[in-house]
Amino acid sequence: MTTGAFTGTLIDRSFREKIVLVGVVLPDTTVQRVQDSLVELALLVDTAGADVVGKVIQRRQRLDPATFIGEGKVSELAGLARSLDADTVVFDENLSPAQQRNLESQLGRTAIDRTAVILDIFAQNAKTPEGKAQVELALLRYRLPRLRGRGRSFSQQAGGIGTRGPGETQLEIDRRRLLQRIRRLESDLKNLDKTRGLQRRGRERGRLREVALVGYTNAGKSSLLNALTSAGVDTADRLFVTLDPRTRQLALPGGETVLLTDTVGFIKKLPHELVEAFRTTLHSLRSADLLLHVVDASAPDIEDRIDAVHSVVDEVGARDVPEMIVFNKADLLDDPDAGLRLEDAPVNVSARTREGLDEMVAQMADRLRTEDRLVEFRVPFDRGDVLAALHREGEVLKQYELDQVTVVNVLLDAAGRARFCAFEQGAFEKGEIL
Ligand SMILES: Nc1nc2c(ncn2[C@@H]2O[C@H](COP(=O)(O)OP(=O)(O)OP(=O)(O)O)[C@@H](O)[C@H]2O)c(=O)[nH]1
Ligand SMILES: [Mg+2]
């Protein structure tokens with residue numbers, strides 16, 4: 001274990017913990033899925049800075065409430081961990097606080113779950129004050145129920161994977177102060193969310209539409225943002241490189257400028273604590289005009305990853321935002337049609353070679369345009385401000401005066417339609433009139 005990490009401030013990076021992974025095959029899943037999931041867990045562990053020295057997969061009818069894998073398997077696992085000289089055992093599913101305590105005392109070493117590893121990576125990667133606050137909040141919420149009764153023998157291991165991050169010293173102090181800290185972070189983040197909301201409304205008035213890049217971690221979201229806008233955002237073949245949202249302007253072929261935002265990537269079994277804590281960051285997805293869902297076309301389990309992204313999008317309340325799926329890393333595919341396995345994958349691109357990018361941007365512009373609708377408004381003569389705003393925010397196709405009102409036919413997006421609905425007389429399908 002890391003020396004000097006007793007205070008939680010010194011992490012000895014020259015020492016890499018040895019880790020054994022444990023996956024369980026329950027009746028509702030398959031060995032293949034669990035194996036894939038363990039490959040990903042190994043990547044997570046590696047990203048967190050530790051080495052996987054062994055893997056165990058067990059088939060069970062149901063999880064054991066006390067030890068997750070059952071007494072017999074625990075002693076087998078203890079023997080393996082001892083022979084491999086492993087420091088820590090990582091379970092691929094969430095452990096309850098009681099299971100974790102029982103496992104640690106029976107294994108004689110640290111036992112953590114996938115959530116703790118992901119939280120650990122987030123703690124290492126958070127850079128901005130907002131990102132740090134969100135991660136700290138997630139960590140504290142995760143740790144709070146796990147504080148009581150954690151064996152003293154393992155406190156020496158503070159600083160190891162799953163135990164470090166902001167707020168380390170907070171763990172030593174009492175629960176009440178921890179709760180106070182949680183409430184403080186919650187209120188700070190809520191205020192930030194409010195400020196964001198105001199900024200967002202300001203932008204709406206300026207009528208710049210927003211496209212949000214979403215996708216599985218490592219799909220190439222940041223690389224795409226860079227390729228499209230020379231944003232200079234960090235990219236790497238590691239998981240969860242981006243935690244803080246970045247927004248850049250992008251000029252579309254039709255002349256319109258949109259805002260393109262890159263943000264935190266998702267993963268299967270993304271800890272609920274993180275989705276909850278990253279609410280301020282993820283809220284921006286709800287007000288986006290389009291989600292550009294970036295998929296790594298070279299991944300082995302494309303459909304499962306798309307599902308994982310969709311479930312997080314649902315969880316943050318952005319299900320109704322139109323989505324366009326893009327297959328990235330097309331340069332890695334031998335078969336150029338491979339990405340088309342999925343029904344409505346509109347376009348294959350490569351952020352690396354830039355192939356398909358023009359086509360993708362053109363389709364994006366089309367998608368944004370089809371979200372526009374032609375609406376007829378009747379604006380009273382004394383509301384010159386509304387008339388001016390309609391001209392500013394939409395495309396006025398027809399305008400004439402009728403007694404006491406100006407009738408205008410405007411091509412307008414959903415946000416604009418919602419704003420001017422008091423003056424609306426009726427909406428048409430674009431084809432009916434154009
Ligand atoms: N071959 C190939 N590699 C790519 C392409 N796009 C991105 N990559 C690589 O994929 C890795 C991840 O790219 P990022 O842009 O950091 O991915 P991300 O989706 O932003 O990932 P996180 O921020 O960690 O969630 C990097 O090593 C990139 O160089 C591509 O089109 N082709
Ligand atoms: Mg990124």
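Student: Which conventions should I know first?

Tutor: Residues are numbered from 1 along each chain as its sequence is written, and chains are lettered from A and ligands numbered from 1 in the order in which they are written. This is a predicted model, where local features need pLDDT of at least 70, side-chain atom pairs count only at pLDDT 80 or more, and totals for chains, interfaces and linings use all residues.

Student: What is the mean pLDDT of the protein?

Tutor: pLDDT is the predictor's confidence in each residue, from 0 to 100. Here the mean is 82, with 83% of residues at 70 or more. Residues 1-13 have pLDDT below 50, and this stretch has 27 contacts beyond near neighbours in sequence; a contact means C-beta atoms, placed from the backbone, within 7 Å. Residues 429-434 are also below 50, with four such contacts. Where pLDDT is low, the predicted coordinates should not be read in detail.

Student: At roughly what angle do H1 and H4 cross?

Tutor: Helices are DSSP runs (H or I, at least four residues), numbered from the N terminus. Axes are lines fitted to C-alpha atoms over the stretch in contact, and angles run from 0 to 180 degrees between N-to-C directions. The axes of H1 (residues 31-48) and H4 (residues 114-125) come within 9 Å and cross at roughly 40°. That makes H1 oblique to H4; angles under 35 degrees count as roughly parallel, over 145 as roughly antiparallel, 65 to 115 as roughly perpendicular and the rest as oblique. Residues of H1 in the contact include Leu41, Leu44 and Val45, and those of H4 include Val117, Ile118 and Ile121. The contact divides into seven nonpolar, one polar and two charged residues. Ala, Val, Leu, Ile, Met, Phe, Trp, Tyr, Cys and Pro count as nonpolar, Asp, Glu, Lys and Arg as charged, and the others, Gly among them, as polar.

Student: How are H4 and H5 oriented to each other?

Tutor: The axes of H4 and H5 (residues 129-147) come within 10 Å and cross at roughly 150°, so these helices are roughly antiparallel. Thr115, Leu119, Phe122 and Ala123 of H4 meet Val135, Ala138, Leu139 and Tyr142 of H5. This contact has seven nonpolar residues, one polar and no charged.

Student: Which residues come nearest to ligand 1?

Tutor: A residue is near a molecule if its C-beta atom, placed from the backbone, lies within 6 Å of it. Of the 23 residues around ligand 1, Gly220, Ser222, Thr235, Thr242 and Gly265 come nearest. Helix H7 (residues 221-229) gives the largest share of the shell, three residues. The shell divides into seven nonpolar, 11 polar and five charged residues.

Technical notes
Helix = DSSP H or I, 4+ residues; strand = E, 2+ residues; numbered from the N terminus. Contact = placed C-beta atoms within 7 Å.
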